[in-house]
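Please examine the sequence and the three-dimensional structure shown below.

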Amino acid sequence: MDRVEKSKEKYKQLFGNGVPAAYATDPDFQDILSRFIFGEVFYQGNLDDKQRELITLVVLATNQTLPQLKAHVIAALNVGLTPVEIKEAVYQCAPYIGFPKTLNAINEVNEVFKAKNIALPIESQKTVDEDNRFEKGLATQVEIFGEVIAKMREAAPANQKHMQDYLSAFCFGDFYTRGGLDLKTRELLTLCIISTLGGCESQVKSHVLGNKNVGNDKETLITAITHCLPYMGFPKTLNALSCVNEVIPENE
């Protein structure tokens, strides 16, 4: 199949038999969009459609492109993602994009779930409590990043120790320890989220290494960042790829 036929087949798989509204007003633009995203990018690299839709959801949530997010919640269900997996991907955005934007995204997800008669709330994926969220979060940090975490905590000035505690208990304790998505998936989604934010190259590099440490190879990272390209543009994509190449050189 050429990319035109591929794009038609993939679009139907994701969204059904409908025709994008833009064809009525901007058919040339819609052709460029559909053929690139659904005829090329969706077929590049080693990720399956479930992984791709999870990435798409977090990138759209980060960008706050909410109409498209709602459409891709439907697509995510169509390719076999569970309500739990969809919710957990969106929840994973919170430490990086903040609560208000995450709540906006959650509202879009809930509207689709209600329309599909998916009961809310869905089952809890919480695995920590008030007594162990810090301890379990710190353990997860160390699992991802290694002993550098202890050095970061030791190096933090006294008036900024709370930030290290928040990172361990909130970012990693409250989110990374949850069920529904495995550690490799959460770390890959985090890389896509912070790449989409832009201006976070230091954190992108850290999470490239984190991804490597949890078993996501360079090909997977390149594919994930490539999948972000149609939604975040070339500048942020090229910046993220530069970070990947710096942390994992081609000759490794």
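Ser168 touches Arg133, Phe134, Gly137, Leu138, Gln141, Arg153 and Gly173, not counting residues up to four places away in sequence; a contact here means heavy atoms within 4.5 Å. The residue is found in helix 10. Ser168 is buried, because its relative accessible area is 1%, and buried means under 20% relative accessible area, exposed over 50% and partly exposed in between, with a 1.4 Å probe and protein chains only. The model is predicted: local features need pLDDT of at least 70 and side-chain atom pairs count only at pLDDT 80 or more, while totals for chains, interfaces and linings use all residues. Residues are numbered from 1 along each chain as its sequence is written, and side-chain values use heavy atoms, with hydrogens and water left out.

Helices are DSSP runs (H or I, at least four residues), numbered from the N terminus. Helix 10 covers residues 161-176 and bends by about 25° at Leu167; the bend is the angle between axes fitted to the seven residues ending at a residue and the seven starting there. Besides Ser168, the buried residues of helix 10 include Gln164, Cys171, Phe172 and Tyr176. The buried residues of this helix pack against several helices, among them helix 8 (133-145), helix 9 (148-155) and helix 12 (201-214).

Gly173 and Asp174 are among the residues that Val128 touches, as are Arg133, Lys136 and Thr177, again not counting residues up to four places away in sequence. Val128 itself lies in the loop between helix 7 (99-115) and helix 8. With a relative accessible area of 9%, Val128 is buried. Its C-alpha atom is separated by 16 Å from that of Gln92, 36 residues apart along the chain.

**Two helix pairs**

The table gives the axis geometry of two pairs. Axes are lines fitted to C-alpha atoms, for helices over the stretch in contact, and angles run from 0 to 180 degrees between N-to-C directions.

| Pair | Axis distance | Angle |
|---|---|---|
| Helix 4 (residues 66-78) and helix 7 | within 9 Å | roughly 45° |
| Helix 11 and helix 13 (residues 218-232) | 10 Å | about 40° |

Angles under 35 degrees count as roughly parallel, over 145 as roughly antiparallel, 65 to 115 as roughly perpendicular and the rest as oblique. Helix 4 and helix 7 are therefore oblique to each other. Helix 4 passes helix 7 in a right-handed crossing. Residues making this contact include Leu69, Val73 and Leu77 of helix 4 and Ala105, Val109 and Val112 of helix 7. The contact residues divide into 9 nonpolar, 1 polar and 3 charged. Here Ala, Val, Leu, Ile, Met, Phe, Trp, Tyr, Cys and Pro count as nonpolar, Asp, Glu, Lys and Arg as charged, and the others, Gly among them, as polar.

Helix 11 and helix 13 are likewise oblique to each other. Among the residues in contact are Leu188, Leu191 and Cys192 of helix 11, together with Leu221, Ala224 and Ile225 of helix 13. This contact has 8 nonpolar, 3 polar and no charged residues.

**Backbone features in the loops**

The peptide bond from Leu120 to Pro121 is cis, with omega near -5°. Pro121 is placed in the loop between helix 7 and helix 8. Asn117 lies in the loop between helix 7 and helix 8 and has a positive phi of about 60° although it is not a glycine. Asn117 is exposed, with a relative accessible area of 71%.

Conventions: Helices (H or I, at least four residues) and strands (E, at least two) are DSSP runs, numbered from the N terminus. A crossing is left-handed if the near helix is turned anticlockwise from the far one by less than a right angle, and right-handed if clockwise.
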